[in-house]
Amino acid sequence: FHVPATFETKNMFSRSQIEYVSPDISLINASRGSVINEDDLADALNEGKIKFAALDVFAKEPLGRESKLLKSTRTLLT
């Protein structure tokens with residue numbers, strides 16, 4: 001993803017979109033953290049619905065220790 005943070009792009013990738021993607025996708029977000037619903041992404045990674053995610057931005061920065069993304073072995077977080 002590489003989009004601006006707007007009302008239209010907030011949570012533009014969440015559980016409802018995850019149901020339509022191939023489990024072989026690798027997701028990269030280098031735009032704004034609000035574009036992706038992080039809890040939905042973490043659940044999809046842990047359930048094998050998404051192969052891998054690389055994130056350079058987060059909804060709240062720095063990423064909190066309580067984030068589900070930190071528990072996933074299928075992520076690259078910078």
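Aspartate 39 lies in helix α2. In this predicted model, aspartate 39 counts as partly exposed, at 42% relative accessibility, while α2 itself is largely enclosed by the rest of the structure, since seven of its nine residues are buried. Three strands form an open sheet with parallel pairing, and α2 lies across β1, β2 and β3. The mean pLDDT of the protein is 95.

**Helix α2**

- Helix α2 spans residues 38–46.
- The buried residues of α2 are Glu38, Asp40, Leu41, Ala42, Asp43, Ala44 and Leu45.
- These buried residues pack against α1, β1 (26–29), β2 (52–55) and β3 (75–77).
- Relative to β2, helix α2 runs at about 145 degrees.
- Aspartate 39 has a relative accessibility of 42%, which falls between the 20% limit for buried and the 50% limit for exposed, so it is classed as partly exposed.
- Aspartate 39 and lysine 68 are separated by 29 residues in sequence, yet their C-alpha atoms are 6.4 Å apart in space.

**Ends of α2**

- The N-terminal end of α2 is capped by asparagine 37.
- In this cap, a side-chain oxygen of asparagine 37 lies 3.2 Å from the backbone nitrogen of aspartate 39.
- Just after α2, glycine 48 adopts a positive phi of about 75 degrees.

**The sheet**

- The strand order in the open sheet is β1-β2-β3, and the pairing is parallel.
- β1 and β3 stand at the edges with a single partner strand each, so one side of each has no neighbour in the sheet.
- From one strand to the next, the twist averages 5 degrees.
- Four bridges join β1 and β2 in the parallel sense.
- Leucine 27 has alanine 53, in β2, as its bridge partner.

**Asparagine 29**

- Asparagine 29 is placed in strand β1.
- Its relative accessibility is 2%, under the 20% limit, so asparagine 29 counts as buried.
- The side chain of asparagine 29 reaches the backbone oxygen of arginine 32 at 3.0 Å.
- Leaving aside neighbours within four places in sequence, asparagine 29 is in contact with Phe1, Val35, Ile36, Ala54, Leu55, Asp56 and Val57.
- Among these contacts, Ala54 and Leu55 fall within the span of β2 (52–55).

**The aromatic pair**

- The structure holds one aromatic pair.
- The ring centres of phenylalanine 1 and phenylalanine 13 are 5.7 Å apart and the ring planes meet at 55 degrees, so the pair is tilted.
- Phenylalanine 1 is partly exposed, with a relative accessible area of 31%.
- Phenylalanine 13 is buried, with a relative accessible area of 6%.
- Phenylalanine 1 is also one of the residues in contact with asparagine 29.

**Confidence**

- A pLDDT of 70 or more is reached by 100% of the residues.
- Confidence is lowest in α1, at a mean of 95.
- Confidence is highest in β2, at 98.

Technical notes:
Residues numbered from 1 in each chain as written. Predicted model: local features only at pLDDT ≥ 70, side-chain atom pairs only at ≥ 80, totals over all residues. Heavy atoms only, no water. Phe/Tyr/Trp six-rings, centres within 6.5 Å; stacked < 30°, edge-to-face > 60°. Buried < 20%, exposed > 50% of the residue type's maximum accessible area, 1.4 Å probe, protein only. Helix = DSSP H or I, 4+ residues; strand = E, 2+ residues; numbered from the N terminus. Contact = heavy atoms within 4.5 Å. Polar contact = N/O pair within 3.5 Å; in protein donor to acceptor, adjacent residues only side chain to side chain. pLDDT = per-residue confidence, 0-100. Pairing = 2+ DSSP bridges. Axes fitted to C-alpha atoms, helices over the stretch in contact; angles between N-to-C directions.
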